[in-house]
Amino acid sequence: RCRKVGMIPAKANPEVQEAYLSTELEPRLAEAQAEKRKVYFVDAAHFVLAPFLGFLWSVTRLFIQAPCGRQRFNVLGALDAITHELLTVTNDTYITSVQVCELLHKLAACAAQVPITVVLDNAAYQRCVLVLETAARLHIELCFLPAYSPNLNLIERLWKFVRKQCLY
């Protein structure tokens with residue numbers, strides 16, 4: 001018998017992930033395919049602003065001055081599961097519940113005609129009262145992934161692509 005083989009994080013529980021996939025995610029994605037619901041995968045990426053030197057040939061040792069510190073460009077993104085449209089909130093400080101609420105308002109404005117489901121990981125700033133109340137007020141369903149399940153979050157693939165293909 002053939003089995004589907006995929007990579008999952010070491011601490012992940014495959015049975016919990018499979019149950020979540022079949023009972024929570026797949027029914028909502030089927031509705032999204034039928035254009036009866038919008039499903040967005042949400043996560044933040046933090047890009048460190050630092051130089052990357054590919055190749056440098058020099059006869060003598062040469063030091064190149066580069067900015068130091070820990071400057072970051074933060075992107076909180078929502079990826080539409082069907083159209084792959086990306087909505088973002090960006091800053092150079094921190095991603096907090098305020099930015100999550102800002103993103104929820106953007107999502108509500110874009111998909112006013114159908115129900116909205118937002119799939120999130122279990123970050124503390126995404127599970128706080130402010131976010132839960134904002135989502136309820138905007139009639140947005142929040143669907144939290146099981147612990148250690150980045151493999152179920154579609155936007156993680158986008159962030160991996162950006163890091164490997166665009167930044168480097």
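So, E141: with a relative accessibility of 26%, this residue counts as partly exposed, where buried means under 20% relative accessible area, exposed means over 50%, and partly exposed is in between, using a 1.4 Å probe and protein chains only. Before I go on, this is a predicted model, so to speak: local features need pLDDT of at least 70, side-chain atom pairs count only at pLDDT 80 or more, and totals for chains, interfaces and linings use all residues. Residues are numbered from 1 along each chain as its sequence is written, and side-chain values use heavy atoms, with hydrogens and water left out.

Okay, what does E141 pair with? The side chains of E141 and R28 form a salt bridge, 2.7 Å from N to O; by that I mean a side-chain nitrogen of Lys or Arg within 4 Å of a carboxyl oxygen of Asp or Glu. R28 sits in helix 1 (residues 14-33) and E141 in strand 5, so to the eye this bridge links distant parts of the chain, 113 residues apart. Helices here are DSSP runs of H or I with at least four residues, strands are runs of E with at least two, and both are numbered from the N terminus. R28 itself is buried, at 15% relative accessible area.

E141 also has a salt bridge to R37, at 3.5 Å from N to O. Put together, E24, R28, E31, R37 and E141 are linked in a network of salt bridges. The count for the model comes to 5 salt bridges. As background, side chains of opposite charge can pair when their charged atoms come close.

Next, the packing. The largest nonpolar core has 23 residues, and those with the most contacts inside it include L76, L104, V118 and L142. A core here is a set of buried Ala, Val, Leu, Ile, Met, Phe, Trp, Tyr and Cys residues joined through side-chain atoms within 4.5 Å. Helix 2 gives this core its largest share, 6 residues. V118 touches Y40, V42, L104, L107, I140, E141, L142 and C143, leaving out residues up to four places away in sequence; contact means heavy atoms within 4.5 Å.

Last stop, S149, in the loop between strand 5 and helix 4 (154-167). Buried or exposed? S149 is buried, at 4% relative accessible area.
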